[in-house]
Amino acid sequence: MMWFLFKAFSFLSLFLLSSLHLHFPATKAEILKTTFFNSSATAADSLFSRKCNWFQGKWVFDSSYPLYDSSNCPFIDSQFNCQKNGRPDWNYLKYRWQPFLCDLPRFNGLNFLEKWRGKKIMFVGDSLSLNQWQSLICMLHAWVPNSKASVIRRNGLSSVTFEEYGVTILLYQTPFLVDLVNEKDGTILKLDSIYSGRAWIGMDMLIFNTWHWWTHTGRTQPWRYMQEGNRRYKDMNRLVAFYKGLTTWARWVNRYVDPSKTKVFFQGISPTHYEGKDWNQPMKSCPGETQPFFGLRYPSGMPMAWVVVKKVLSRINKPVFLLDVTTLSQYRKDAHPSAYNGNHKEDCSHWCLPGLPDAWNQLLYAALFS
């Protein structure tokens with residue numbers, strides 16, 4: 001049985017690597033160019049001219065961190081507020097992402113609000129989008145703590161508006177991006193439908209994310225069937241399903257996004273740290289981890305979902321910037337809530353706030369303002 005599973009996984013890996021026509025850049029120039037999959041040549045040339053890949057670097061201790069105090073940010077959900085929930089260590093708050101060949105611009109919330117005055121920014125995705133959404137709001141709030149902010153929290157759609165600037169940061173929660181619908185014979189995951197995408201039209205910036213829920217099985221699986229066209233499936237290989245769903249999202253971007261009005265980002269694959277074998281410590285998990293992984297190459301390598309994301313983004317006709325946070329996030333085995341999430345269950349998927357999602361938003365800031 002184990003040999004069969006190994007062969008099946010090997011076949012799937014070869015299928016993805018061959019059918020997705022991936023190649024590995026041979027030169028530094030090619031490596032740098034792949035960061036901006038289908039963005040304008042100007043953006044790609046700008047990155048290349050700096051001879052810097054923002055996503056290749058290391059975590060360095062910085063005593064000036066974190067960028068905000070969780071006790072002063074009223075927008076953090078309990079599940080991410082690790083200090084309030086009794087986490088005893090502080091060092092995980094003090095690490096800053098440092099690219100190898102350049103410096104990231106320091107986040108300036110006032111500059112962000114001024115430049116995006118009157119605009120609407122929407123995060124679209126699962127609870128990791130919630131993580132990043134709350135991080136950005138706290139980072140902005142720290143710069144304008146006395147500025148009035150109106151908050152709306154509803155099931156599926158939330159927003160915070162900094163009223164003095166007219167900037168609204170929205171969150172549309174949809175774990176698969178494609179539609180999950182209730183029908184008479186059960187909940188259906190429709191791999192070729194994005195009816196909910198109507199809510200995303202008209203935004204000035206969209207930051208998409210999905211993957212976390214595609215791996216769920218058993219009681220945590222929210223659908224009874226997958227459907228593509230008129231054909232239903234009890235299940236299929238999750239990477240294949242992910243590729244189909246993400247391709248449907250790519251078609252939506254091609255059809256509905258006007259690049260002159262809307263900037264589009266895709267948050268890369270956020271890793272988990274449930275299995276210590278991923279960083280060569282097979283007896284461990286994320287609880288009790290207090291330092292990042294400091295090696296140059298993460299032992300488990302890049303997840304196959306990252307391969308799927310790279311391929312789908314390479315085929316979109318509209319400009320989409322990949323926030324390629326996978327590797328820098330793999331290093332942060334210390335940054336999860338673990339048991340300090342308010343319900344004492346082990347959480348090695350989400351991230352403490354302040355914490356790692358602040359670095360994701362610094363990269364977003366760099367992409368917008370550098």
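## Disulfides, cores and surface of a predicted model

The torsion about the S-S bond of Cys-52 and Cys-102 is about -50°, so this disulfide is left-handed. The bond connects distant parts of the chain, since Cys-52 sits in the loop between α3 (41–49) and β1 (57–61), while Cys-102 sits in the loop between β2 (95–99) and α4 (109–115), and the two are 50 residues apart. Both Cys-52 and Cys-102 are buried. The structure discussed here is a predicted model.

**Disulfides**

A disulfide is a covalent bond between the sulfur atoms of two cysteines. How many disulfides does a search of the whole structure find? The search finds four, and three of these are described here, with their values in the table.

| Cysteine pair | S to S distance | Torsion about the S-S bond |
|---|---|---|
| Cys-52 and Cys-102 | 2.0 Å | about -50° |
| Cys-82 and Cys-352 | 2.0 Å | about -95° |
| Cys-286 and Cys-348 | 2.0 Å | -80° |

With a torsion of about -95°, the disulfide of Cys-82 and Cys-352 is left-handed. This pair links distant parts of the chain, with Cys-82 in the loop between β1 and β2 and Cys-352 in the loop between α8 (326–330) and α9 (356–369), 270 residues apart. Cys-82 has a relative accessibility of 0%, so it counts as buried, and Cys-352, at 0% relative accessibility, counts as buried too.

The link of Cys-286 and Cys-348, at -80° about its S-S bond, is left-handed as well. Here the distant parts that are joined are the loop between β12 and α7, which holds Cys-286, and the loop between α8 and α9, which holds Cys-348, the two cysteines being 62 residues apart. Cys-286 counts as buried because its relative accessibility is 3%, a value under the 20% that marks the buried class. Cys-348, at 0% relative accessibility, counts as buried. When the bonded cysteines of the protein are numbered in sequence order, the pairing reads 1-4, 2-5, 3-8, 6-7.

**Overall layout and nonpolar cores**

The protein contains nine helices and 13 strands, and 54% of its 370 residues count as buried. Among the contacts with a separation of 6 or more, residues 24 or more positions apart account for 75%.

Which residues touch the most other members of the largest nonpolar core? In this core of 56 residues they are Trp-54, Phe-162, Ile-169 and Leu-328.

**Salt bridges**

Side chains of opposite charge can pair when their charged atoms come close. The count for this protein comes to 15 salt bridges, and several of them can be followed residue by residue.

Glu-183 takes part in a salt bridge with Lys-190, where the closest N and O atoms are 3.0 Å apart, and also in one with Arg-232, where the closest N and O atoms are 2.5 Å apart. Because Glu-183 lies in strand β7 (residues 179–183) and Arg-232 in strand β11 (residues 231–233), this second pair ties together parts that are 49 residues apart in sequence. Glu-183 counts as partly exposed at 30% relative accessibility, and Arg-232 is partly exposed with a relative accessible area of 31%.

Another salt bridge joins Lys-284 to Glu-289, with the closest N and O atoms 3.8 Å apart. Are its two residues buried or partly exposed? Lys-284 is partly exposed, with a relative accessible area of 41%, whereas Glu-289 is buried, with 7%. Elsewhere, salt bridges that share partners join Glu-183, Asp-185, Lys-190 and Arg-232 into one network.

**Surface**

The protein exposes about 17600 Å², of which carbon and sulfur atoms supply 54%. On the surface, Phe-100, Leu-101 and Leu-296 form a nonpolar patch, and together they have about 370 Å² of accessible area. Where is Leu-296 found? Leu-296 belongs to the loop between β12 (263–267) and α7 (304–314). Leu-296 has a relative accessible area of 73%, so it is exposed.

Definitions and conventions: Residues numbered from 1 in each chain as written. Predicted model: local features only at pLDDT ≥ 70, side-chain atom pairs only at ≥ 80, totals over all residues. Heavy atoms only, no water. Patch = residues over 30% accessible without salt bridge, like charges linked within 9 Å, V, L, I, M, F, W, Y side chains within 5 Å. Areas by Shrake-Rupley, 256 points an atom, 1.4 Å probe, with all protein chains shown as cover. Salt bridge = Lys/Arg side-chain N within 4 Å of Asp/Glu carboxyl O. Helix = DSSP H or I, 4+ residues; strand = E, 2+ residues; numbered from the N terminus. Buried < 20%, exposed > 50% of the residue type's maximum accessible area, 1.4 Å probe, protein only. Disulfide = S-S within 2.5 Å. Core = buried A, V, L, I, M, F, W, Y, C linked by side-chain atoms within 4.5 Å. Contact = heavy atoms within 4.5 Å.
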